[in-house]
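Hi,

Here is the structure I promised to pass on to you. Have a look at it first, then read on for what I found in it.

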Amino acid sequence: MSRLMPLLTLGVAALFLASLLIGPAPVGVLDSLSALILDDGTPMTLVMREIRLPRALLAVIVGASLGMAGAAMQGYLRNPLAEPGLIGVSASAALGAVIALQTGLAAAFTLALPLTALGTALLGVLLLLTLAGPRGASLTLILAGIAISALAGALLSLVLNLSPNPFATSEIVFWMMGSLADRSMTHVWLALPLSVLGWLMLATLGRGLDALTLGEDAAQALGIRLTRLRLTLVIATASVVGAATAVAGAIGFVGLVVPHILRPLVGARPSRLLFASALGGAVLVLAADIAVRLILPDRDLKLGVVMALIGAPLFLHLIYKTRKEFA
Amino acid sequence: MTALLALQDLSVHRGSRPVVDHVSLRVGPGECVGLIGPNGAGKTSLLRAALGLLAHQGQSNIADLPAHARARQAAWMPQSREIAWGIDVEAVIALGRTPWLPRGGRLRPEDRAAVDRAIRRMKLESFRHRPANHLSGGEQARVLIARALAQETPLLMADEPIAGLDPAAQITTMEVFGRIAAEGKAVVVSLHDLGLAARHCTRLVMLDRGRAVADGAPGAVLTPERLEEVFALRAFYSRSADGPIFQPLESLR
């Protein structure tokens with residue numbers, strides 16, 4: 001544990017640097033970095049500041065958000081299979097994005113797509129809280145989340161189904177694979193405030209999540225206000241996942257796999273897992289986004305696809321390793 | 001007498017049916033109260049309502065406290081023994097210190113001392129660094145009892161804490177409860193083992209269909225008539241040089 005956090009921090013820093021240095025423009029390490037820091041009037045400054053920096057920053061933001069929200073959700077539900085998408089936010093955000101793409105709104109101005117996605121994510125959360133109620137049990141929350149995901153998924157399919165425009169359809173399909181390519185600092189400024197707000201809220205949950213290890217009754221008797229914890233969790237998860245989906249599309253497996261990998265390394269304490277998973281998520285998304293650019297640089301391989309290709313076998317391996325524990 | 005637990009006309013309804021029916025109870029320092037009654041008598045509901053974990057009518061001095069103050073006044077060991085993750089035994093027991101920790105949540109020396117006392121009391125030294133979910137059911141129960149002890153509250157409430165423990169551990173646990181009470185705290189435990197209840201509790205409260213039908217010293221509560229009426233049980237009860245001996249003999253159902 002004592003060495004894990006510095007190690008993960010180092011990993012984030014190293015991969016962040018690598019992410020800044022990898023791209024189609026063949027420029028040396030020192031030249032790239034000096035172009036980033038000093039505006040030397042060359043196109044390289046533009047490449048570094050407007051293309052590579054936002055991409056690396058978004059990888060950190062999205063990864064940390066998904067990792068941390070996944071750890072919090074697993075801790076709250078006391079279930080290693082929980083993931084942040086469970087409460088229906090990613091599905092409702094995706095629906096908003098698809099509507100923006102289909103109606104052509106996305107082409108009207110840069111932020112149209114992420115803003116619509118955030119709007120529908122908010123609608124999804126409001127619907128969730130209305131359905132599950134402020135005092136609802138965790139099971140009600142899951143069921144409401146599944147219902148909302150199903151509804152958003154159905155509406156999304158309807159949009160695709162009725163789409164008269166094959167270009168919009170293919171654009172939608174590619175968007176849904178999730179990517180950090182061609183994002184600008186505007187996207188960073190849109191996602192950052194919501195994400196930071198969500199991180200701060202999630203960070204307050206550590207003590208409550210630790211106590212929940214003993215069940216809801218025992219946690220309440222330890223002075224944890226469960227209603228408040230649940231509301232904080234839902235709002236925080238909605239802001240970080242809503243923001244991440246709005247700028248990057250649907251990126252799965254981070255929130256599921258990262259807490260699962262790191263849990264044994266932090267003595268299984270949910271509070272420690274929160275912060276470790278934030279760093280671990282950033283590491284994983286940075287690495288996958290670098291892989292996307294290295295493996296097939298000219299084919300626009302999608303981040304979400306690579307993530308799933310890494311995530312699913314990793315998950316299978318974990319299941320294989322821990323199957324005795326579940327038996 | 002300053003009561004550590006004071007219930008006044010406490011009632012709990014499931015639908016329209018009362019599962020706890022106007023129970024009044026005062027428990028003071030030094031008492032180890034055994035809550036007895038057949039299945040469905042309302043023992044768990046009474047304890048949970050007293051703690052404010054269940055909607056109720058009537059008064060409970062504990063339920064009336066704000067969450068944080070309540071956790072420093074009463075510790076609770078629920079019947080369902082949940083330990084979700086493979087956390088160290090020591091860390092599980094340290095969760096009992098949650099209400100006492102300052103912001104940031106690091107254990108202070110006095111918290112570590114409380115954890116050590118709880119570990120010694122429940123004789124868990126050899127389990128200290130093992131993942132709690134690798135222990136047997138009875139061992140987990142002892143860890144959870146230690147967790148409640150580590151909370152070091154004036155009042156300890158436990159719902160069937162000794163179910164599933166081996167005989168020696170059952171006796172040890174009841175002795176620990178007795179000692180805690182003797183130190184000036186109060187213990188309220190629900191029990192099914194009337195023999196242990198008779199030997200180790202200073203006082204018994206008998207529940208039947210939500211009502212407290214008897215309250216007093218074990219010998220005065222466990223009368224043949226009440227055992228027959230409430231428990232449908234015939235039993236042997238006598239005082240010996242080894243203390244009171246209670247043995248159920250036959251079911252009258």
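Strand 5 and strand 6 (residues 155-159) of chain B run parallel and are joined by four bridges. If you want a place to start looking, A74(B) stands opposite L155(B) in strand 6 of chain B. Keep in mind that this is a predicted model, here and in everything below.

Which way do the residues of strand 5 (residues 74-77) of chain B point? A74(B) and W76(B) go one way, while A75(B) and M77(B) go the other way, and all of them are buried.

Strand 1 (residues 5-14) and strand 2 of chain B run antiparallel, with seven bridges joining them. You can find L5(B) opposite V27(B), which is in strand 2 of chain B.

Is H22(B) buried or exposed? It counts as exposed, because its relative accessibility is 52% and the cut-off for exposed is over 50%.

Further along chain B there is a hairpin, which joins strand 10 to strand 11 of chain B through two residues. Strand 10 (residues 233-240) and strand 11 (residues 243-251) of chain B run antiparallel and are joined by eight bridges. In this pair, A235(B) stands opposite P248(B) of strand 11 of chain B.

Now for where the two chains meet. 25 residues of chain A are in contact with 29 residues of chain B. Between them, chain A and chain B bury about 2,100 Å², with 61% of it on carbon and sulfur atoms. In chain A, R207(A), L214(A) and L222(A) lose the most area to chain B, together 31% of what that side buries. In case you wonder about that unit, the size of an interface is often given as the accessible area lost when the parts come together.

How many salt bridges does the rule find across the interface of chain A and chain B? It finds two. In a salt bridge between D217(A) and R48(B), the side chains meet at 2.8 Å, N to O.

On to chain A itself. The unreviewed UniProt entry lists several stretches of chain A as "transmembrane region", including residues 186-205, 233-262 and 274-296. In the model, residues 186-205 of chain A are 90% helix and 0% strand, and the end C-alpha atoms are 30 Å apart. For residues 233-262 of chain A, the values are 83% helix and 0% strand, with the end C-alpha atoms 20 Å apart.

Why is helix 13 (residues 254-262) of chain A described as largely enclosed by the rest of the structure? Because eight of its nine residues are buried. Among them are V258(A), P259(A) and L262(A). Those names come up again around S277(A), which is found in helix 14 (residues 270-295) of chain A. S277(A) touches G67(A), M68(A), A71(A), V258(A), P259(A) and L262(A), leaving out residues up to four places away in sequence. With a relative accessible area of 0%, S277(A) is buried.

R78(A) lies in the loop between helix 3 (43-77) and helix 4 (89-103) of chain A. Phi of R78(A) is near 50°, a positive value in a residue other than glycine. R78(A) counts as buried because its relative accessibility is 18%, and the cut-off for buried is under 20%.

The other one is S170(A), in helix 8 (residues 166-176) of chain A. S170(A) is partly exposed, with a relative accessible area of 34%. The C-alpha atoms of S170(A) and L160(A) are separated by 9.4 Å, and these residues are 10 residues apart along the chain.

Key: Residues numbered from 1 in each chain as written. Chains lettered and ligands numbered in written order. Predicted model: local features only at pLDDT ≥ 70, side-chain atom pairs only at ≥ 80, totals over all residues. Heavy atoms only, no water. Buried < 20%, exposed > 50% of the residue type's maximum accessible area, 1.4 Å probe, protein only. Contact = heavy atoms within 4.5 Å. UniProt positions renumbered as here; feature names shortened; annotations may be inferred. Pairing = 2+ DSSP bridges. Buried area = accessible area lost by both parts, 1.4 Å probe. Salt bridge = Lys/Arg side-chain N within 4 Å of Asp/Glu carboxyl O.
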